[in-house]
Amino acid sequence: MAKKGNEKKGAKTFKTKCSQCHTVEEGGAHKQGPNLYGFFGRQSGEAENYSYSSANKKSGITWAEDTLFDYLENPKKYIKGTKMVFAGIKKPAERTDLIAYLKKSCSA
């Protein structure tokens, strides 16, 4: 992941592809997927009061730009057994933009 993402484009991607299942604000509600605030640097499956699949909890993944970049391409392939039903984002630039947005909006 060499290039820096565009947060504005990433916000649009989040709104159209992620916001049905996730929130990003501090103290935000869990939906079908967990609230994402503070997930950078945290191990997969650790958001408080969210019921993760055992595959997600046991994956041992620590969320960073590189792991998220790979995960977002094909979540079911990256964590076999995840209950995340999202098919993934194939375009690298779109994933990079989304990660730039998440990094800004999900951090303290």
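Is Glu65 buried, partly exposed or exposed? With a relative accessible area of 32%, Glu65 is partly exposed. The close-ups below come from a predicted model, and they look at salt bridges, of which a search of the whole structure finds four.

**Close-up A. Glu65 and Lys103 meet in a salt bridge.** Here the N to O distance between the two side chains is 2.6 Å. Glu65 belongs to helix H3 (residues 65–73) and Lys103 to helix H5, so this pair ties together parts that are 38 residues apart in sequence. Like Glu65, which has a relative accessible area of 32%, Lys103 is partly exposed, in its case at 38%.

**Close-up B. Lys17 pairs with Glu94 in a salt bridge.** Take a look at the N to O distance in this pair, which is 2.9 Å. Because Lys17 sits in helix H1 and Glu94 in helix H5, their contact ties together parts that are 77 residues apart in sequence. Lys17 counts as partly exposed, at 32% relative accessibility.

**Close-up C. Lys104 forms a salt bridge with Glu7.** In this view, the closest N and O atoms are 3.6 Å apart. Lys104 is found in helix H5 (residues 92–105) and Glu7 in helix H1 (residues 7–17), so the pair ties together parts that are 97 residues apart in sequence.

Notes: Residues numbered from 1 in each chain as written. Predicted model: local features only at pLDDT ≥ 70, side-chain atom pairs only at ≥ 80, totals over all residues. Heavy atoms only, no water. Helix = DSSP H or I, 4+ residues; strand = E, 2+ residues; numbered from the N terminus. Buried < 20%, exposed > 50% of the residue type's maximum accessible area, 1.4 Å probe, protein only.
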